[in-house]
Amino acid sequence: MQLTLAVLFSAALTSVTAEQRVSYDGYKAYSIVTGDDGQAIRDKLSDLDFVALTVHEASDHFDVAIAPDDVSEFEALGLESSVISDDLGAEFAEESIFEDYYSTSDSSLDKRQASALPALSWFNSYHTYADHRLFFNDLNAAFSQNSEIFVAGKSYQGRDIYGIHFWGAGGKGKKPAVYFHATVHAREWIAAPVEEYHAWQLINGYLTNDTQITAIVDSYDFYFIPFSNPDGFVYTQTTNRLWRKNRQPRSSSSCIGTDNNRNWPFQWSLSGGASTNPCDEDYKGLAASDTPEITTLVNYTKSINTNGIKLFIDFHSYGQYILQPYGYNCGIYPANINKQLSVANQVATRIFAYSGARYTTGASCSTLYATTGSAPDYQSGVAGAEYAWTIELRPSSSSGGGFVLPANLILTTAREQWEGLKTLFAAI
Ligand SMILES: [Zn+2]
């Protein structure tokens with residue numbers, strides 16, 4: 001008995017050590033105006049304990065969270081900046097109060113509810129990976145003749161990269177694909193709920209015979225993957241809220257993780273659009289497509305590309321951008337770039353009219369910065385997607401909490417995106 005207890009105790013200790021949560025209590029976050037020399041700002045910060053919230057020294061700002069002991073030293077530098085958060089840890093604590101999810105498959109529910117769509121109260125808070133999966137299972141159950149849950153493959157740690165595929169009157173697999181990814185960057189929690197809201201609205205509109213929505217659903221096959229980096233997402237909930245990359249180790253380094261949005265096999269080998277240092281947040285990997293997640297997603301993309309990909313969107317946060325290809329070269333664009341920009345501007349105009357939120361549009365490289373091996377570049381340049389976008393969701397870059405979008409803004413963000421998406425479908 002004593003031995004068993006000792007073994008249990010030791011196992012518990014090991015697991016506590018492995019899962020020790022990174023504290024951001026007292027971290028103060030700032031958006032620093034960089035002018036045209038982001039590297040100079042980085043040099044000035046080099047003696048401070050801080051976490052970069054923007055990976056790149058974007059053209060005009062660089063957002064950081066400064067450790068409590070270094071806040072006064074940071075302020076003494078006198079950099080032009082604005083405060084994003086007075087206490088990041090306090091905001092994380094508030095954001096991590098998840099509401100319970102009552103699955104429609106719960107056998108204690110009334111039979112009539114068992115075939116209903118999940119309640120929209122789902123969007124009142126953030127949720128666990130397990131509950132996210134239940135949500136899609138419940139959407140599938142409510143639309144069982146026209147949808148299925150798929151598992152594209154496994155993450156490094158063996159989690160399912162799952163999604164929902166649904167279709168309209170023409171039957172399964174007959175139409176061009178509408179293909180959405182979210183949460184390639186683990187800490188961007190608002191991405192999955194927005195994708196889920198789109199799925200919910202499309203299915204609800206079809207089930208309630210909304211003519212506009214039915215026409216959309218009848219025109220495409222929809223493939224929605226809410227977590228293209230499930231290991232990273234789970235890690236943000238157990239251990240480090242600001243984790244971005246996947247959780248794959250490399251034998252050459254003690255640093256963990258590859259940026260899966262720099263690992264797609266298109267223009268991967270160019271320099272300047274990603275890091276070759278495994279400790280960096282935008283580490284590209286040792287070879288194109290050498291992470292389990294990107295290997296899976298490349299194969300899955302090929303498997304659904306039988307009738308062409310009409311629209312690909314990768315949901316991210318934050319900054320409020322609607323970005324077109326390409327990231328790898330600021331002077332190279334897809335042949336239909338003018339049409340893509342025109343549609344993106346219509347979407348941004350619609351969102352602004354609906355909610356007052358401003359989303360900036362433009363080609364990714366020239367609007368933000370150069371990136372190699374990104375998902376939209378691959379979807380456009382290799383898979384031939386007619387529209388291949390990154391959407392950076394709320395908040396805007398200089399205010400509103402960065403990766404911590406308060407839970408009461410999940411539905412606001414999802415609704416404005418849904419208005420934009422309907423405009424998008426009408427325009428393409
Ligand atoms: Zn991102």
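These legends walk through several close-up views of one predicted protein model. Local features are reported only where pLDDT is at least 70, side-chain atom pairs count only at pLDDT 80 or more, and totals for chains, interfaces and linings use all residues. Residues are numbered from 1 along each chain as its sequence is written, and side-chain values use heavy atoms, with hydrogens and water left out.

View 1. The protein splits into domain 1 (20–92) and domain 2 (111–236 + 274–427), with bounds that come from an automatic or database domain assignment. Their C-alpha centres sit 29 Å apart. Where they touch, domain 1 brings 14 residues and domain 2 brings twelve residues; contact here means heavy atoms within 4.5 Å.

View 2. Rolling a probe the size of a water molecule over the atoms shows where empty space is left. On a 1 Å grid over the protein atoms alone, a pocket is an open set of points with protein on both sides within 12 Å along at least five of seven lines, while a cavity is a set of points where a 1.4 Å probe fits but cannot get out. Lining residues have an atom within 4 Å of a point. Grid points are joined across faces, edges and corners, and a volume is the space filled by probe spheres set on the points.

The largest pocket holds about 610 Å³ of space. Which residues lie nearest its centre? They are Arg 42, Ala 52, Cys 279, Asp 280 and Glu 281, out of 23 lining residues. Both domain 1 and domain 2 give at least three residues to this lining, and strands E2 (50–52) and E10 (253–256) each supply at least two. Helices (H or I, at least four residues) and strands (E, at least two) are DSSP runs, numbered from the N terminus. Sorted by class, the pocket lining has eleven nonpolar, six polar and six charged residues. For that count, Ala, Val, Leu, Ile, Met, Phe, Trp, Tyr, Cys and Pro are nonpolar, Asp, Glu, Lys and Arg are charged, and the others, Gly among them, are polar.

View 3. A disulfide is a covalent bond between the sulfur atoms of two cysteines; the cut-off used here is a pair of cysteine sulfur atoms within 2.5 Å. The structure holds two of them, and this one joins Cys 255 to Cys 279 with an S to S distance of 2.1 Å. Cys 255 is in strand E10 and Cys 279 in the loop between E10 and helix H10 (292–304), 24 residues apart. The link is right-handed, with 90 degrees about the S-S bond. Buried means under 20% relative accessible area, exposed over 50%, and partly exposed in between (1.4 Å probe, protein chains only).

**View 4. The Cys 330 and Cys 365 link.** The other disulfide joins Cys 330 to Cys 365, S to S 1.9 Å. Cys 330 sits in the loop between strand E12 (321–324) and helix H11 (337–355) and Cys 365 in helix H12 (residues 364–367), so the bond ties together parts that are 35 residues apart in sequence. Its S-S torsion is about -65 degrees, so this disulfide is left-handed. Cys 330 is partly exposed at 39%, whereas Cys 365 is buried at 5%.

**View 5. Leu 242 and helix H9.** Leu 242 lies in the loop between helix H9 (230–238) and strand E9 (249–250), and is buried at 4% relative accessibility. Beyond its neighbours within four places in sequence, its contacts include Tyr 24, Val 51, Phe 92 and Phe 403. As for H9, eight of its nine residues are buried, and their cover includes helix H6 (129–142), strand E6 (160–167) and H10.

**View 6. The cavities.** How many cavities of 30 Å³ or more does the whole structure have? A search finds two. The largest has a volume of about 410 Å³ and 31 lining residues, with Arg 262, His 316, Leu 368, Tyr 369 and Glu 392 nearest its centre. Strand E11 (309–319) gives the largest share of that lining, four residues. The second largest cavity holds about 30 Å³, and helix H14 (410–427) gives the most to its lining, with four residues.
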